Amino acid sequence: MRVLGIESSCDETGVAVFDVEAGLLGHCLHSQIDLHATYGGVVPELASRDHIRRLPVLVRQVLAESGCSLAQIDAIAYTAGPGLAGALLVGASYAEALGMSLGVPVLPVHHLEGHLLSPLLSVDPPEFPFVALLVSGGHTQLMQVTGVGEYVLLGESLDDAAGEAFDKTAKLIGLGYPGGPQLAGLAERGRPGRFRLPRPMLRSGDLDFSFSGLKTAVLNVVSGPEWTPEDAADLAADFQDAVVDVLCAKALKALELAGLSRLVVAGGVGANRQLRQRLDVATRRKGWRVYYPEPELCTDNGAMIAFAGARRLAAGEVPGTACAVRVHPRWPLAALRAPGAA
């Protein structure tokens, strides 16, 4: 079975072909960074229009890269949420129309489930069960995972997600869009320890997160009379230290409470070098193991959607009504069910 995956939830257009026997045959990704940079953030209408332009081109490109034709596609999976409503509708409409023309099943996929399962695409994939730390731009969650669609929410961000905190802090210290990766790069040139920043909810006794207070602490620093742009690298280093401290502590606590030894880290912030180093060291000390997606699959991409769709279809998922275009801008991951479950 070959599945064509389509991702269009925000500002990246991703297309991929996954074969259940041969693995990932090819994937293409177009980023809209240059399109939105002028505005300092994603403009939903522009994002939707760009998805319309890019999707047909990327589909032809990935089919050529995969060495297969549309006639050899057995199913189509697309991101149905969460995300920007207009952007999601572009991918959903394209996928449903293409599926109807080809006479193949079309499956809506949860964006975060794609991220959560993406480490299974690696050469050395984790086995179920495991704890997943999802750290993308708009979500920070800890999930206990026992199988595809079998997710129990352990903790989540009560306000800003880690990725949002990175982006907003980057803007506060004068960095451009996208702020998160730029801040992480700047932090590597800084000297941590100069600024006393809080570790929100580090000792809250639960597995929830909160990063809005950390962002406010940064605002207080940059609004102070002694602040100069030359301090930006040191402040970035201290901010990143604070976020990584909280993420690591909560992830390790989740493993202890769940009685598991495997941790999966997925989402854009999962590519952060300091976070990976700290988690690698901490889990190794306890005899545990941490798994990550390949770096190129940390951002939004079609490969994770094709793979998640393939896993669900192989497990007996039955697609709904043909050409029923439905998207879910807000869609809790914990609301998903295992394939075939009532």
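1. How many residues lie between strand 6 and strand 7 in the hairpin that they form? There are 4 residues between these two strands. Before going on, please note that this is a predicted model, in which local features need pLDDT of at least 70, side-chain atom pairs count only at pLDDT 80 or more, and totals for chains, interfaces and linings use all residues. Residues are numbered from 1 along each chain as its sequence is written, and side-chain values use heavy atoms, with hydrogens and water left out.

2. Let's stay with strand 6, residues 130–135. Helices (H or I, at least four residues) and strands (E, at least two) are DSSP runs, numbered from the N terminus. With strand 7 (residues 140–147), strand 6 pairs in the antiparallel sense over 6 bridges; two strands pair if DSSP finds at least two bridges between them. Val 135 has Thr 140 of strand 7 opposite to it. Strand 6 also pairs with strand 9 (residues 262–266), this time in the parallel sense over 4 bridges, and here Leu 133 has Val 265 as its bridge partner.

3. Is strand 6 buried or exposed? Of its 6 residues, 6 are buried, so strand 6 is largely enclosed by the rest of the structure. Buried means under 20% relative accessible area, exposed means over 50%, and partly exposed is in between (1.4 Å probe, protein chains only). Phe 130, Ala 132 and Leu 134 point one way from the strand, while Val 131, Leu 133 and Val 135 point the other way, and all are buried.

4. Now for the nonpolar cores. A nonpolar core is a set of buried Ala, Val, Leu, Ile, Met, Phe, Trp, Tyr and Cys residues joined through side-chain atoms within 4.5 Å. The largest one has 48 residues, and among those with the most contacts inside it are Leu 133, Phe 211 and Val 265. Elements that give two or more residues to this core include strand 6, helix 5 (162–172), helix 8 (232–258) and strand 9. Helix 8 gives the most, with 16 residues. A second, separate core has 32 residues, including Val 3, Ala 132, Val 148 and Leu 297. As background, in soluble globular proteins, nonpolar side chains tend to be buried together.

5. Which residues does Phe 211 touch? Leaving out residues up to four places away in sequence, its contacts include Thr 140, Ser 157, Ala 165, Val 243 and Leu 247. Contact means heavy atoms within 4.5 Å.

6. Ser 136 is worth a look, in the loop between strand 6 and strand 7. Ser 136 is buried, with a relative accessible area of 8%. Not counting residues up to four places away in sequence, Ser 136 touches Leu 112, Ala 161, Gly 163, Gly 267, Gly 268 and Val 269.

7. Next comes the second largest pocket, with a volume of about 500 Å³. On a 1 Å grid over the protein atoms alone, a pocket is an open set of points where a 1.4 Å probe fits, with protein on both sides within 12 Å along at least five of seven lines; lining residues have an atom within 4 Å of a point. Grid points are joined across faces, edges and corners, and a volume is the space filled by probe spheres set on the points. The lining has 27 residues, and Val 106, Leu 107, Pro 108, Pro 319 and Gly 320 lie nearest the centre. Strand 5 gives the largest share of the lining, 5 residues.

8. Finally, some backbone details to find on screen. Gly 81 and Pro 82 are joined by a cis peptide bond, with omega about -10°, and Pro 82 is in the loop between strand 4 (75–81) and helix 3. The peptide bond from Tyr 177 to Pro 178 is also cis, with omega near -5°; Pro 178 sits in the loop between helix 5 and helix 6. Met 201 is not a glycine, yet has a positive phi of about 60°. Met 201 belongs to the loop between helix 6 and helix 7 and counts as partly exposed, at 22% relative accessibility. For context, most residues other than glycine have a negative phi, and most peptide bonds are trans.
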